[in-house]
Amino acid sequence: MTTTHTLDVPGGRLYYEIRGSGPLVMVMGAPMDAGEFAPFADVLAGDRTVVTHDPRGISRSRLDDPGQDSTPELRADDVAAILDALGAEAADVFGSSGGAVTGLALATRHPGRVRTLVAHEPPLLELLPDAAEQRVATDDLIETFHRDGVGAAWAKFMANAGFDLGGDEAPGPPQGEPSERDLANSIRFFAHELRHTALYRPDLAALESGPVRVVVGIGADSGGLVTYRTSTALAERLGVPPVEFPGDHGGFLGRPVEFADILRKALAGG
């Protein structure tokens, strides 16, 4: 059974879902909302309490100021607020893509709230040797959005990230005509979230010296993606071996059972 909840936080109201029972794990993306994680969360809920949420300004999570930017730090504070609402001192955390960046911010801002963080393919462009070129490309994506709209921006985003545009596991808008919610989420992503997430600089020293066990996840089929490079760079900086997950950047979408099995092993230290 899945229960739905809302929580007032500074500047807005968050929507989150709880399913299952057992040790608590937070599952999150950015800009992916709770609904997109549902099949994977259902599998994981067989032996865990799984909490998913819509990041601030996305889908059912509302903002007092729709023009507020979404930063990893703000999103991390939101996750800590959900833990407070649950009466939970700490949780394991799985974050994918922008959600992995949120998780890294959470591990440094609220280290006592995280047991193990599994950061799956965080797009940390600042860790790359070509970071300057990546900043230019990010600015160009945002300019494309403002000039040519959501469709053109997504097409350039996917190409820049290295996706096969015919693949099933690539993140992005659904095939066909986007819904009103999909369109609003895409607008928010390009206008208020992309730059802050992609150009986030993790506090590597704090992550290395802190209490949080950090696992870096990389998709088995992600070799051609920029997130393969960023994830490899993060693992090297932290001195940890990356853990291979099924599929590519969105492997939990197409292979939720196998993905959940690997996540359980990663959380258990295997």
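Student: Why does P10 count as exposed?

Tutor: P10 has 72% relative accessibility, so it counts as exposed; the cut-offs are over 50% for exposed, under 20% for buried and partly exposed in between, with a 1.4 Å probe and protein chains only. The model is predicted: local features need pLDDT of at least 70, side-chain atom pairs count only at pLDDT 80 or more, and totals for chains, interfaces and linings use all residues. Residues are numbered from 1 along each chain as its sequence is written, and side-chain values use heavy atoms, with hydrogens and water left out.

Student: Where is P10 placed?

Tutor: P10 is in the loop between β1 (2–9) and β2 (12–19). Strands (E, at least two residues) and helices (H or I, at least four) are DSSP runs numbered from the N terminus.

Student: What makes strand β4 largely enclosed by the rest of the structure?

Tutor: Six of the six residues of β4 (residues 49–54) are buried, so the strand is largely enclosed. T49, V51 and H53 point one way, while V50, T52 and D54 point the other way. In a regular strand, side chains alternate between the two faces of the sheet.

Student: How do you know that β2 and β4 pair?

Tutor: Two strands pair if DSSP finds at least two bridges between them. Five bridges join β2 to β4, and these strands run antiparallel. In this pairing I18 stands opposite V51 of β4. Strand β3 (residues 24–28) also pairs with β4, in the parallel sense over four bridges, and V27 stands opposite T52.

Student: What kind of unit do β3, helix α1 and β4 make?

Tutor: With α1 (residues 38–44), they make a right-handed β-α-β unit. Right-handed means that, with the strands pointing away from the viewer, the path from the first strand over the helix to the second runs clockwise.

Student: How many cavities of 30 Å³ or more does the structure hold?

Tutor: The structure holds one. On a 1 Å grid over the protein atoms alone, a cavity is a set of points where a 1.4 Å probe fits but cannot get out. The largest cavity has about 40 Å³ of space, a volume being the space filled by probe spheres set on the points, which are joined across faces, edges and corners.

Student: Which residues line the largest cavity?

Tutor: The lining is G29, H53, P55, R56, R75, D78 and T102; lining residues have an atom within 4 Å of a point.

Key:
On a 1 Å grid over the protein atoms alone, a cavity is a set of points where a 1.4 Å probe fits but cannot get out, and a pocket is an open set with protein on both sides within 12 Å along at least five of seven lines; lining residues have an atom within 4 Å of a point.
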